[in-house]
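Work through the exercises below with the model open. Try each task before reading its solution.

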Amino acid sequence: MKTTLKVTAAPATTNVPFDDSPTAWMAQGNCRNYPPATFFPSDGVGVDRARAICKGCPVGTQCLEYALQERIEHGVRSEEHTSELQSH
């Protein structure tokens, strides 16, 4: 069975108010329009979907750095899954 993923990384249509918090960059992520559960999949198809959303994300580097700094060792971040994060 072949599955086709439709993923959009359309920019947000509303302006984000000034936010100088350490996680303000998250508002610019491709993931901002998806529920958090999307990035904590329980199967390979879910991982592929999350990676497709993350692909080309303008804040992918910050996302990965945040996960490593905060020791978040689960989920998909910046196109990488748990096992890949643990190897860094």
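Predicted model: local features only at pLDDT ≥ 70, side-chain atom pairs only at ≥ 80, totals over all residues.

Numbering starts from 1 along each chain as its sequence is written, and side-chain values use heavy atoms, with hydrogens and water left out.

**Exercise 1. Helix α1**

Which residues of helix α1 (residues 44–54) are buried?

Solution. 
- Take the helix as a DSSP run (H or I, at least four residues), numbered from the N terminus.
- Apply the burial cut-offs: buried is under 20% relative accessible area, exposed over 50%, partly exposed in between, with a 1.4 Å probe and protein chains only.
- The buried set is Gly 46, Val 47, Ala 50, Ile 53 and Cys 54.
- These residues cover an arc of only 125° around the axis, so they lie on the same side of α1. The arc is taken over directions from the helix axis to the C-beta atoms.
- Just after α1, Gly 56 has a positive phi of about 75°.

**Exercise 2. Aromatic pairs**

How many aromatic pairs does the structure hold? Classify each one.

Solution. 
- Rings of Phe, Tyr and Trp (its six-membered ring) pair if their centres lie within 6.5 Å; planes under 30 degrees apart are stacked, over 60 edge-to-face, the rest tilted.
- There are two pairs.
- For Trp 25 and Tyr 66, the centres are 5.8 Å apart and the planes at 65°, so this pair is edge-to-face.
- Trp 25 sits in the segment before α1 and Tyr 66 in helix α2 (residues 60–69), 41 residues apart.
- Trp 25 is buried at 17% relative accessible area. Tyr 66 is partly exposed at 24%.
- For Tyr 34 and Phe 39, the centres are 6.5 Å apart and the planes at 85°, so this pair is edge-to-face. Both Tyr 34 and Phe 39 are buried.

**Exercise 3. Asn 30**

Which backbone oxygen does the side chain of Asn 30 reach?

Solution. 
- Locate Asn 30 in the segment before α1.
- Check burial: at 5% relative accessibility, Asn 30 is buried.
- Its side chain reaches the backbone oxygen of Ile 53 at 2.9 Å. Ile 53 is itself one of the buried residues of α1.

**Exercise 4. The largest pocket**

Which residues lie nearest the centre of the largest pocket?

Solution. 
- A pocket is an open set of points on a 1 Å grid over the protein atoms alone, where a 1.4 Å probe fits, with protein on both sides within 12 Å along at least five of seven lines; lining residues have an atom within 4 Å of a point.
- The lining has 19 residues, with Cys 31, Phe 39, Cys 63, Val 76 and Arg 77 nearest the centre.
- The elements giving two or more residues to this lining are α1 and α2.

Terms used
Polar contact = N/O pair within 3.5 Å; in protein donor to acceptor, adjacent residues only side chain to side chain.
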